[in-house]
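Thanks for coming. I have one model to go through today, so please look at the screen.

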Amino acid sequence: MGIKKFIENVKESLGLDEFEKAGKKKSIKRLLEKLKSRKEILNKVPKKKLDKKEKKELKEELAIISLQIKKGEKILDELNSKSLKTTKNQKGK
Amino acid sequence: MLRKIFLPSILIVLAYGFWISPDFKEISAGVAIFLFGMISLEEGFKAFSGGTLEKVLQKSTDKLYKSIGFGMLATTIMQSSSLVSVLTISFLGAGLIGLAQGIGIVFGANIGTTTGAWLVAGFGLKVKISAYAMPMLVFGVILIFQKAKSLKGIGYILAGLGFLFLGIHYMKDGFEAFKSTIDLASFGGTGLKYLFIFTGIGIFATVVMQSSHATLVLIITALSVGQISYENALALAIGANVGTTITAIIGSMSSNIIGKRLAGAHLIFNVTTGLIAIVFMSQIMYSVDFVSNTVGIASDNYTLKLAVFHTIFNVIGVAVMVPFIGRLVVLLENTLKDKSTEETTSFDTAQYLNDSVLELSGTAMAAIVRETKHLYTNAFEIITHGLNLKRENIISTMPLEDVVKKAYSKSAIDIDDFYNHRIKGIYGEIIDFSTKAQSQMAPEDIESLYKIKLANRDIVEAVKDTKHLQKNLIKYENNSNIHIKEQYDSIKIGLAELLRNIDLISKMTEEDKIIVLLSKVKVHMQRYDILANGTLDNLIRHDLISNEMATSLMNDSAYAYNISKNFIAMAEIIFIDINSDLKSLSEDMIMNDEDVDSILREKDA
């Protein structure tokens with residue numbers, strides 16, 4: 001077994017790749033939490049009290065946050081499905 | 001000149017010593033192996049000091065006690081106060097820490113270095129450490145030959161420790177054999193005269209070996225076999241502490257003024273501590289006896305008592321000097337002045353780029369990021385003035401319609417002149433320094449560095465586009481055609497809003513806010529596309545502007561679009577903390593053109 005393969009095997013058995021993914025997952029989860037709470041706060045803003053310009057700005061910010069949440073959730077799903085595949089492969093071996 | 005005489009003299013003395021005494025040869029070989037071990041150990045720790053360096057430093061040096069603790073811990077682990085000093089100078093040079101924090105680290109390092117004496121006196125002399133050295137050397141060298149940076153680092157650390165142990169073994173053996181031929185202790189004595197003589201010898205030995213740790217190990221091994229008396233060993237230890245400052249001073253030669261100030265603080269601290277130890281020698285010796293009795297060290301165990309002495313006098317030094325750190329900073333700032341600020345040159349130069357930060361890829365990267373931010377600050381000012389706006393109004397909460405009404409000056413500023421004085425030089429220095437730093441970086445760091453270089457290019461391009469835009473902004477500012485004036489005012493408001501938002505992003509720490517604001521500026525950037533939104537067609541169709549005006553407006557809206565695009569691209573690279581979690585996600589999370597289009601479609605709906 002070559003040294004490269006040996007290192008790869010050690011990394012796999014110690015779950016070092018998973019460690020990196022777990023860190024990324026944690027970051028994205030934290031970011032999603034913040035974005036969702038921000039969206040909630042903006043949704044609670046009484047729209048009747050806002051002028052036209054402010055309403056437009058609020059609408060725009062909500063659209064941006066919703067899109068960011070969607071993007072974040074997509075990344076999280078991808079990370080989760082990758083982890084699932086790795087676990088299945090390990091069990092298969 | 002001194003170097004030309006000093007080095008050959010030392011070599012001749014050593015060669016003569018080797019010729020007349022094989023035992024002296026063994027001791028010297030022990031010192032040489034020990035020093036080689038320290039070099040290897042330093043190399044190993046450097047392999048692990050990149051990446052999260054800035055984060056760790058910020059968290060562990062924000063308060064004085066934390067700085068001292070950091071210095072203590074780092075020196076205890078790395079067993080080299082010189083390495084910690086040189087690294088601290090590197091951190092200072094990159095602007096990662098302030099002078100007071102740097103002084104705290106150096107003070108802590110002085111306490112940390114005392115652990116070396118404890119390890120050698122308590123462990124190194126009691127067991128046959130050469131038995132541990134051999135396997136460490138074998139495993140270490142095998143790992144050094146590996147390609148992976150971390151394995152290489154572990155290899156250097158193991159080999160370093162192996163050489164340290166082997167060095168101590170040879171020193172001990174050499175002194176034991178030496179004892180049968182010459183009794184060095186007979187040259188010693190007691191009293192003030194010998195105190196000064198042996199302090200001087202300690203300084204000299206440390207200057208030659210460039211390591212107080214090596215001197216101390218030599219003292220402990222000589223003391224363990226009775227080749228020097230306990231009192232003389234204490235004086236030698238004081239000398240070793242003073243002599244080590246020379247290493248830091250040499251390290252600071254290539255550093256900027258802050259590094260030189262730190263080396264000054266190190267010198268003042270160690271000389272003051274040394275003087276305190278000399279003046280209160282009998283009281284400190286009494287304290288050593290008291291502590292030794294309390295912790296159960298035998299009264300004739302002089303090597304451990306030396307370790308106790310070394311710890312007590314360094315702790316006293318820190319305790320005495322800590323209340324004066326503020327004054328020390330002022331004193332050093334007043335005596336060691338920055339020549340570049342004294343010379344009233346009108347050309348702005350790089351503030352963070354110096355050879356001392358090249359020690360580590362982490363500090364080099366941090367210095368380049370900081371310098372890029374410096375370049376951005378200058379560009380921000382030039383663009384603001386180029387648009388004939390006041391900087392303080394842009395970064396305030398003043399309504400943007402009012403910001404554009406308050407002109408910066410009655411006549412147009414010369415952007416070319418500003419560019420030559422405040423951008424060109426720094427930009428050149430950043431590119432030159434990046435090339436130097438790149439040679440020592442890992443592939444992933446080189447990729448980050450490439451992005452930072454792109455950010456620099458974006459800044460420069462934005463300034464150049466402002467120059468093109470400025471001409472017509474002035475021309476149409478007070479034009480009788482209200483429609484063209486309105487369009488140019490709108491460009492100005494748009495750019496003022498962009499500059500305000502980028503300034504906000506530069507000061508933000510919350511990741512979610514950065515992401516949302518970056519997305520917002522990207523959406524707003526689309527307003528310059530007057531071809532797509534139909535504005536230009538409308539103006540021409542209704543004959544509201546001339547053909548010449550239409551061409552100018554089309555070109556200038558493209559310049560405004562490019563300024564925004566370049567500044568946003570730059571902000572995405574340099575204002576998202578290089579070590580933050582967001583950096584690893586930024587490419588996936590930040591809005592692309594498709595996302596911007598979808599937001600715009602939603603807005604129009």
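Leu92(B) is buried, with a relative accessible area of 1%; buried means under 20%, exposed over 50% and partly exposed in between, with a 1.4 Å probe and protein chains only. This is a predicted model, where local features need pLDDT of at least 70, side-chain atom pairs count only at pLDDT 80 or more, and totals for chains, interfaces and linings use all residues. Residues are numbered from 1 along each chain as its sequence is written, chains are lettered from A and ligands numbered from 1 in the order in which they are written, and side-chain values use heavy atoms, with hydrogens and water left out.

Leu92(B) sits in helix H5 of chain B, residues 81-93; helices are DSSP runs of H or I, at least four residues, numbered from the N terminus. What does Leu92(B) touch, not counting residues up to four places away in sequence? Ile97(B), Gly98(B), Leu99(B), Ile258(B) and Leu262(B), where contact means heavy atoms within 4.5 Å. Thr363(B) is 271 residues from Leu92(B) in sequence, and the C-alpha atoms are 9.1 Å apart.

Next, a helix pair. Leu99(B) and Ile103(B) are among the residues of H6(B) that meet H14(B), whose side includes Ile258(B) and Leu262(B). The contact residues divide into eight nonpolar, four polar and one charged; Ala, Val, Leu, Ile, Met, Phe, Trp, Tyr, Cys and Pro count as nonpolar, Asp, Glu, Lys and Arg as charged, and the others, Gly among them, as polar.

Key
Helix = DSSP H or I, 4+ residues; strand = E, 2+ residues; numbered from the N terminus.
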